[in-house]
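Subject: Structure handover

Dear colleague,

I am passing on the structure below, and after it you will find my notes on what turned up when I went through it. Please read them with the structure open beside you.

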Amino acid sequence: MSTAHVVVTVLAILANAAVAIADLARADFVLANSAEVHVPLSWVPALSALKAAGAVGLLLGLVGAPAVGTAAAAGLVVFFVGAVGVHVRHRVWHNIAAPGTFLALSVACLVLGLAGQPA
């Protein structure tokens, strides 16, 4: 496992855990963003759980279960492709950098994780 993989994965874990907590706390920015991209508030707890599960999976990948880390990274990639897609669909451009950054972190985790696994 490379240093770059560890650093990127730790950043992704922290970012996803933080936003999952903000989702559960119903932070103002979460509620405003959800409304703006037409995501029902009833979906926020489930979306939070997915982000939290991704963070836990990435952590498990770092501590000895690389297949779990890879699956978590892949799941987060799919999740954040969806989030970016929802922003595009509703033409919400002013904050598209947030899901775009999460997507980039997830892709980096996936690529670096796959690169470090034996063939």
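Leaving aside neighbours within four places in sequence, Val68 is in contact with Gly57 and Leu60, where contact means heavy atoms within 4.5 Å. Before going further, please note that this is a predicted model, in which local features need pLDDT of at least 70 and side-chain atom pairs count only at pLDDT 80 or more, while totals for chains, interfaces and linings use all residues. Residues are numbered from 1 along each chain as its sequence is written, and side-chain values use heavy atoms, with hydrogens and water left out.

Val68 is placed in helix 4; helices here are DSSP runs of H or I with at least four residues, strands are runs of E with at least two, and both are numbered from the N terminus. With a relative accessibility of 36%, Val68 counts as partly exposed, a class that lies between buried (under 20% relative accessible area) and exposed (over 50%), using a 1.4 Å probe and protein chains only. Between the C-alpha atoms of Val68 and Asn16, which are 52 residues apart along the chain, the separation is 16 Å.

Val68 also belongs to a nonpolar patch on the surface, together with Val56, Leu59, Leu60 and Val63, and the accessible area of these residues together is about 420 Å². Patches are made of residues with over 30% relative accessible area and no salt bridge, with like charges joined within 9 Å and nonpolar side chains (Val, Leu, Ile, Met, Phe, Trp, Tyr) joined within 5 Å; the areas come from the Shrake-Rupley method with a 1.4 Å probe, and for residues only the protein chains shown count as cover. Helix 3 gives the most to this patch, namely three residues, and Val56 has its place in helix 3.

Helix 4 (residues 66-89) has 24 residues and reaches 34 Å from its first C-alpha to its last, close to the 34 Å expected, the expected span being 1.5 Å times one less than the number of residues. The buried residues of helix 4 include Gly69, Ala72, Leu76, Phe80 and His87, and what covers the buried residues of this helix includes helix 1 (3-24), helix 2 (28-36), helix 3 (44-62) and helix 5.

Helix 1, with 22 residues, reaches 32 Å from its first C-alpha to its last, close to the 32 Å expected. Among its buried residues are His5, Ala12, Asn16 and Asp23, and the buried residues of helix 1 pack against helix 2, helix 3, helix 4 and helix 5.

**The nonpolar core**

In soluble globular proteins, nonpolar side chains tend to be buried together. The largest nonpolar core here has 19 residues, of which Ala12, Leu58, Ala73, Phe80, Leu103 and Cys109 touch the most other members; such a core is a set of buried Ala, Val, Leu, Ile, Met, Phe, Trp, Tyr and Cys residues joined through side-chain atoms within 4.5 Å. Helix 1, helix 3, helix 4 and helix 5 are the elements that give two or more residues to this core, and its largest share, eight residues, comes from helix 4.

**A salt bridge**

How many salt bridges does a search of the whole structure find? The search finds one, a salt bridge being a side-chain nitrogen of Lys or Arg within 4 Å of a carboxyl oxygen of Asp or Glu. Lys51 forms it with Asp23, and the closest N and O atoms are 2.7 Å apart. The pair links distant parts of the chain, with Lys51 in helix 3 and Asp23 in helix 1, 28 residues apart. Both partners are buried, and Lys51 counts as such because its relative accessibility is 10%. Setting aside residues up to four places away in sequence, Lys51 touches Asn16, Val19, Ala20, Asp23, Leu76, Phe79 and Phe80.

**Two loop residues and a helix end**

Arg26 has a positive phi of about 55° although it is not a glycine, and this residue lies in the loop between helix 1 and helix 2. Arg91, in the loop between helix 4 and helix 5, also has a positive phi of about 55° without being a glycine. Arg26 counts as partly exposed because its relative accessibility is 38%, whereas Arg91 is exposed, with a relative accessible area of 66%.

Lastly, Ala115 is placed in helix 5 (residues 97-115) and counts as exposed at 63% relative accessibility.

Best wishes
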